[in-house]
Amino acid sequence: MIGYVLLVSLAIVMAGLLYAWLSGWIPKDIPDCPEGTSLMVKDYTYDCTNQRIFLTIANNGRFGVGGYFIKATTKENQTVATTDLATPIILQDNGEDVAIFENSVVIGPPNENRFLPNNETPNVFDLSSIGQQIYRVDIVPARWQKEDNRLRYIICGEDSTLKEKVTCTT
Amino acid sequence: MGKNGVSPVIATVLLVAMVIVIALIIFLWFRGLQGEVITKFGQNIELTCSEVEFYAEYDASATELRISNVGNIPIFGMKVKIEQPGSYTTENLNEISSWPSRGLGQGAAFSGAVVLDAGVERIVLTPVLMGTSDKGAKTFVCDERQFGQEIIL
């Protein structure tokens, strides 16, 4: 009788340990943006004299967007954009509620993907703090998404990255 | 006929005790073989490595290394394998450059001076992630062959 009890409890303990170890190897769904999330630069004016760039960003995708990460290149042959443009953005009263959150530009109220398909937002960036000409802007959309009842701000990654070359217009 | 020997009860107790001890020894040995389990986002950190997304380039004329994290996994550090003809060295990027102490969060970018010898042919960048284990926060170097990004100079 004691033997059976010990054997069964041993089996349960071993099964529990094995489960705890194996459960770590089950891939979890890492949150990602839905396919078809996309932004585009509809129009831009790059004032090199006053070091300002005006970007009209449009949502040409199929889903609402919560914001975007924006970086620029400061050398002509540079392939990886590292100069952050989110901080030098000039927040202006253009009807859009724009804010800075974790090095990104959040459009509309936080926690909502309010920048809907076919919407446009005109944003102005003061480049005087960078002190160099920029040659390309890389824009990556970001979305608020619920994961395990937790709202997370998700960057949409390589597939949704927009790379737009810019030259002085004035 | 001799009647010497242990009683069935003692034999059973001894047998069961031996089984428990042997099972414990095997379990501890197996755990030692597996190494410490580090998790990130509720899964083994080795699985999280496959979700890391970053761009990297080395500008030899400016001796500048540029890395941009375009994924949702924070990159805590970066292992740099510097290969020359016939030899290689491995360095932590935070020891040879101004890599941020808290790493690169989602959407963040790094650009810093990294001076390489003239004979360097290629470098391989392998992300280092911060995870949690039984002993608290712990760093984990992703597998270079699977997740290392090669830059030919």
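## Around B:Gly148

In this predicted model, B:Gly148 sits in the loop between helix H4 (144–147) and strand S10 (149–152) of chain B; helices (H or I, at least four residues) and strands (E, at least two) are DSSP runs, numbered from the N terminus. B:Gly148 counts as partly exposed because its relative accessibility is 27%, and that class lies between buried (under 20% relative accessible area) and exposed (over 50%), with a 1.4 Å probe and protein chains only.

Leaving out residues up to four places away in sequence, B:Gly148 touches B:Val124, B:Leu125, B:Thr126 and B:Asp143, where contact means heavy atoms within 4.5 Å. Take B:Val124: 24 residues separate B:Gly148 from it in sequence, yet their C-alphas are 5.9 Å apart.

## Where chains A and B meet

On to the interface. Here 30 residues of chain A contact 35 residues of chain B. The two chains bury about 2,800 Å² between them, 62% of it on carbon and sulfur atoms; buried area is the accessible area (1.4 Å probe) lost on putting two parts together, summed over both.

Helix H1 (2–23), strand S3 (67–73) and strand S10 (150–155) of chain A are the elements giving two or more residues to the side of chain A that touches chain B. H1(A) supplies the largest share, five residues.

## Ground rules

Local features need pLDDT of at least 70, side-chain atom pairs count only at pLDDT 80 or more, and totals for chains, interfaces and linings use all residues. Residues are numbered from 1 along each chain as written, chains are lettered from A and ligands numbered from 1 in written order, and side-chain values use heavy atoms, without hydrogens and water.
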